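Please look over the sequence and the model shown below before reading on. The paragraphs that follow are meant to be read with the structure in view.

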Amino acid sequence: MLQISPAKKVYDVCIIGSGAGGGTAAKVLTEGGLSVVMLEAGPRLDPDKDFKEHMWPYQLPHRGVGVGGKQRGIGDEFMAPNGFWEIEGEPYTTAPGSSFRWFRSRIEGGRTNHWGRIALRFGPADLRAHSTDGFGDDWPISYEELAPYYDKVESYIGVFGSKENVPNSPDGVFMPPPKPRCTETIVKKACDKLKITCIPSRLAILTKPLNDRDACHYCAQCGRGCRSASNFSSSQVMIPPAMATGRLTMIANAMAREIVVGANGKAEAVSYIDKSTGSEQRVYAKAVVVAASACESARLLLNSKSATFSNGLANSSGVVGRYLTDSVGSDLAGYFPQLENMPPHNHDGVGGMHMYMPWWRFGNKNEFLRGYHIEFGGGRDMPGVGGFEYVCEETEGYGVSLKQKCRSSYGTFIGFSGRGEMIPNEKSFCELDPEVKDKWGIPVLRFHWQWGENENKMAADMQQTFRSIIEAAGGTVIAGTRRHPQKSSAGESNALQHQPAGRISTGGEIIHELGTVRMGNDPKTSALNKNCQAHDVKNVFVADAAPFVSNPDKNPTLTIMALSWKTSDYLLDQAKKGEL
Amino acid sequence: MGADFVSRRTVLKSLSIGAVAGSVLRVIPLEAAEFAHHIIESEKTEAKSGAYTPKFFDAHQYKTLQSLCETILPADADSGGAIEAGAPEFIDLLTSENTKYQGILGDGLKWLDSSCTTRYGKAYLESTPQQQKEILDLIAYRKSAEQDVSLSQAVEFFSFLRNFTADGFFTSKIGIKYLGYKGNTYLVEFPGCPPVPGV
């Protein structure tokens, strides 16, 4: 009898990655009628099983810090499954003289399961960096082109905030913000004195019900994951509607190895490792959306070498991996004696800051280019391991007096974190390591990193600003502590617990790495066109933060979603016209 | 999770049916929250007090550890102390899994007993309360190490144990209550900062 192999299933689109970018693309494309297969390098997420919301530290034998006390900060036992700084069998390397840390998620929803939910729009000037100050490059799209997509994203995911008309920090579609905590009231007053703009923060957390999602119940535990999806995560807000169309097929534990190019020079399949068996598989699709996170997307393109594209896919320009940036980060904490008088009260609020300081010196002549915003947190948060180290070391001794000192100083610390814009430089990039491979034999990334003079000046300015705010509020700077004295409730800020005060962050540490597959109008200096479509291969798109041309101080996630939505609309249109 | 499992959404919905429209603040009973979250009971509450078998320290070391923890954060009129809070169990568990901790605490306890034996002719636990106070006062402050470098390691040991005890105490049920932390609950609206002069 004649052997007939089963008909090869060809999906309309293969999306690689299920985070902010991939999730948004999945929703828009499936709702637009396309059949989509999604490759996720980690497992599916089960909120009922995976989220440790509302658990007390004493309900875990290790009180949240894991075996041997080694899981601290962003990787503690309470956090939603999110990712790791180091993954066994999946190394990355750094070039001699470079320090870089790479946080990678291997889970449905990616980093959106734990992120700080900070949802800031880029401003008009942010997309015209070169035209504004002569450095870096302009984006091939304007704020006006992106704004309708910010509207769509905010309306759909839910973001609280307030209309403020701060220059170059555009207002959005906002739900009402929560009331300030005591710590925020104190800092706001100091900022008013110093003429530093301090306004309600803008976080992707619901203060009103939306689309069958409950409003926030103010437990401050967003980083642990939220079972009622009152905060935004791709896994709970983007993937479910895509699934509901019946047109999304999710393949979990699928590590993409290579985008396969057909004889016609177009992408025709993605080969991946099925991690449960270690075998190599292939899915076929008419278009590919790469949304694996900026560096992972660059790695995949660089590893997709073929006779036609010997330099890697979408890389005839040689820019893939280049223009790597992260946010400039610096921290400082203060002790505020007036907080000792606070009666015990519920200080939790949302999982993150209720107030923040947008860049307030826009358009001024400053000692450095671009700007930064300030995040802050502290106060009477849920007590956690490590939270009393500073007091114990300052107080010394033992006994009832130590115990009382711990109580009277509990909740009296506020930590400040600056987040600033890095200008891309030639010394910061990633490339394939010529020798090292991961456990499946896939070449890994090697990072090169160097902060520029502008970034160091900015970090120094942050320190000076933090000091003046702390002092204006009647507080005392806590210098030289080994660790952040209080765990901030913001998921992202937890990463900073081990960052000594007063220095610039390590590259990658703020987890805003991006720019590695940048867009532009000139195919010689960019990999993607203004629709995030590869110049070289018209059925390949990138939908994470890799296409970003600059890295403004406004955290990237909201823009990843707005850009992915825009890209997906374009893809949908092209597919309907049969142009792919 | 089985048939008993009720999602928090279900709990919130059922409770909100009974909520009076316009009520400013409603706190959902913690029992409901715990039910909804099918929270695991800690090993501590299941085990009878004192039934804990140390995983790393021997019986003598563990007794010494308990005594030191309780001295660092003792029971007082406002709350129980480090032992009631389960700090020694917590310290023993993590130490059994961490060689660095084993070095610091193991060496520290050895130093303590041998120093007491040299000074007082007895191990720490058998020394008089006055003698115990004397030796602890020597290692509970960094300035001792500044004056006598040979005490550096002992001072570091005590500092480490003090931090560790604070971790164990202030993350316990009684420690959290002692501090007056009021959160980890469900609010319909966040009330903001209570009115306090100067804030």
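Predicted model: local features only at pLDDT ≥ 70, side-chain atom pairs only at ≥ 80, totals over all residues.

Residues are numbered from 1 along each chain as its sequence is written, and chains are lettered from A and ligands numbered from 1 in the order in which they are written.

Let us begin with the sheet. Helices (H or I, at least four residues) and strands (E, at least two) are DSSP runs, numbered from the N terminus. Strands of a sheet pair through backbone hydrogen bonds, either parallel or antiparallel. Two strands are said to pair if DSSP finds at least two bridges between them. In chain A, 4 strands form an open sheet with antiparallel pairing, in the order β11-β12-β9-β15. Because β11 (372–378) and β15 (476–478) of chain A stand at the edges with a single partner strand each, one side of each is left without a neighbour in the sheet. On average, neighbouring strands of this sheet are turned by 30 degrees against each other, direction ignored; here axes are lines fitted to C-alpha atoms, for helices over the stretch in contact, and angles run from 0 to 180 degrees between N-to-C directions.

The individual pairings can be followed across the sheet. β11(A) and β12(A) are joined in the antiparallel sense over 7 bridges, and A:E375 has A:S417 in β12(A) as its bridge partner. β9(A) and β12(A) are antiparallel over 8 bridges, with A:I414 of β12(A) as the bridge partner of A:G334. Strand β9 (residues 328–335) of chain A also pairs with β15(A) in the antiparallel sense, over 3 bridges, and A:A333 stands opposite A:I478 in β15(A).

How many residues of β12(A) are buried? A residue is buried if 20 or more other C-beta atoms lie within 10 Å of its own, exposed if 12 or fewer, and partly exposed in between, with C-beta atoms placed from the backbone. For β12(A), 8 of the 8 residues are buried, so this strand is largely enclosed by the rest of the structure. In a regular strand the side chains alternate between the two faces of the sheet. Both faces of β12(A) are covered, with A:F413, A:G415, A:S417 and A:R419 buried on one side and A:I414, A:F416, A:G418 and A:G420 buried on the other.

We turn next to the helix beside these strands. The buried residues of α10(A) include A:M458, A:M462, A:F466 and A:I470. The buried residues of this helix pack against α5 (182–194), β9, β11, β12 and β15 of chain A. After α10(A) comes A:G474, whose phi is positive, near 80 degrees.

A nonpolar core is a set of buried Ala, Val, Leu, Ile, Met, Phe, Trp, Tyr and Cys residues joined through C-beta atoms within 7 Å. The largest one has 114 residues, of which A:C14 and A:V290 touch the most other members. Helix α11 (residues 557–576) of chain A gives the most to this core, with 7 residues. Apart from it lies another core, of 46 residues, among them A:F388, B:L68, B:I83 and B:F90.

Chain B has 10 helices and 0 strands. Of its 199 residues, 32% count as buried. Two residues are in contact if their C-beta atoms, placed from the backbone, lie within 7 Å. The contact between the chains takes 54 residues from chain B and 59 residues from chain A. On the side of chain B that touches chain A, α9(B) gives the most, with 6 residues.

Two loop residues remain. Most residues other than glycine have a negative phi. A:N253, although not a glycine, has a positive phi of about 55 degrees, and its place is in the loop between β5 (248–251) and β6 (254–261) of chain A. A:N253 counts as partly exposed because it has 17 C-beta neighbours inside 10 Å. A:A314, also not a glycine, has a positive phi of about 60 degrees and is found in the loop between α7 (294–303) and β9 of chain A. A:A314 has 29 C-beta neighbours inside 10 Å and therefore counts as buried.
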